[in-house]
Amino acid sequence: MIQIAVLGYGTVGSGVVEVLNTNKDTIAKKAGEEIQVKYVLDLRDFPGDPIQEKVVHDFEIIVNDPTIRVVAEVMGGVEPAYTFTKRALLAGKSVCTSNKELVARHGAELLKIAKENHVNYLFEASCGGGIPIIRPLNSSLTGDQIDEITGILNGTTNYILTKMIQEGSEFDEALKEAQEKGYAERNPEADVEGHDACRKIAILSSLAFGKQVNFEDVYTEGITKISASDIKYAKAMDDSIKLLASSKRVGDDVYAMVSPVLVGKEDPLFSVNGVFNAIFVHGNMLGDAMFYGSGAGKLPTASAVVGDIVDEAKSGSRNVMASWSEEKLDLSDIKTSRKKFFVRVYGELEKELEKIEAIFGPVEPIVLEELAGEFGFVTEEMTEAEFEEKERKYGTLISRIRIRNL
Ligand code: HSE
């Protein structure tokens, strides 16, 4: 029997206990032995809950108990999760986590400590919820050089954008609905400003490229400025708008960014709607692959944590995770990255087109009858720096959205 401790009895923690109870027998078969929750660490008590007798308030009980082989850290946040994880690894216990903030900030160090102590630090649940993506990058796609990872990595923003596209609603309205349905937090900043997706792409990129990608270095733009009118243009062009988190090798450069992007019907990410997540991967031998599924929520995330616990049980404490170096990967300035842009400007097409083409070069104009006093256009491919320069020359734009180049 494998005895485990669950740190944090919130949404994911209670999900881990539920998954282990619901699928007890099949999990035991796959793990080779029964997995039993011995402790649940939380500041609170849960009278009436069957786990109450397992609740402890002191981490020392867990770290000093030699019968605990695996710790599921599902508390979130950097502290005390960082200290607890480090101490558990140093005490010879493997740690499985859903904590993207911690993995993004201290992943390289914690992987190194795990390796030195012949245990594992596993974090499948940190990116894409229940979608297997860490394990494929770690152990399946190892024959490849990964050239690109582009994902819809945040369920909340994908739900909001999908609502805006399907119902024509404004951002605030769609956000309110997401909050009422429990998809968005009361303080939705981390999701809607792109910080959550930024941490996830930093983790995936570190793993894929083998060096620490600091999330602070990833250019990040959220979806708060996307309006119902932007969506009208997207629909007129048969496109969709998605919050994409992407890292890509282009020659000797590696670019990483999070931003709303227009994606066309031919793009595999086009049809990823609602709270679903998807991660598109391009390998130099593999070509394209896409991983799709439930990217957030109690049970999908808990399922990924339990999958890691089972992996740890099967590995017999052999270190199975590829680590990435603590050396920082120098990302290239996105100002040198090339793409087309969709732009909205005030005025009438006939009057403005000459000036626009003199500055931006040849454009494809789009006029929507329902939006008087403005029009849109798509530029040719150019660098971000060139676009900024042209924007300065032109003057005030209503909005601009990047276009994904496949
Ligand atoms: N807030 C996150 C999301 C939860 O909406 O995707 C999963 O990490």
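Relative accessible area sorts residues into buried (under 20%), exposed (over 50%) and partly exposed in between, with a 1.4 Å probe and protein chains only. This is a predicted model, in which local features need pLDDT of at least 70, side-chain atom pairs count only at pLDDT 80 or more, and totals for chains, interfaces and linings use all residues. Residues are numbered from 1 along each chain as its sequence is written, and side-chain values use heavy atoms, with hydrogens and water left out.

Q: Why is P80 called partly exposed?
A: The relative accessibility of P80 is 34%, and partly exposed covers what lies between buried and exposed. P80 therefore counts as partly exposed.

Q: Why is D308 called buried?
A: D308 has a relative accessible area of 2%, and buried means under 20%. D308 is therefore buried.

Q: What does the side chain of D308 reach?
A: The side chain of D308 comes to 2.9 Å from the backbone nitrogen of E124. E124 is also among the residues in contact with D308 (heavy atoms within 4.5 Å).

Q: What makes α5 and α10 oblique to each other?
A: Helix α5 (residues 100–116) and helix α10 (residues 195–209) pack at about 45°, their axes 9 Å apart. Angles under 35 degrees count as roughly parallel, over 145 as roughly antiparallel, 65 to 115 as roughly perpendicular and the rest as oblique. The two helices, α5 and α10, are therefore oblique.

Q: Which residues make the contact between α5 and α10?
A: K100, E101, V103 and A104 of α5 meet D196, R199, K200 and I203 of α10.

Note on methods: Polar contact = N/O pair within 3.5 Å; in protein donor to acceptor, adjacent residues only side chain to side chain. Axes fitted to C-alpha atoms, helices over the stretch in contact; angles between N-to-C directions. Helix = DSSP H or I, 4+ residues; strand = E, 2+ residues; numbered from the N terminus. Lists of a residue's contacts leave out its neighbours within four places in sequence.
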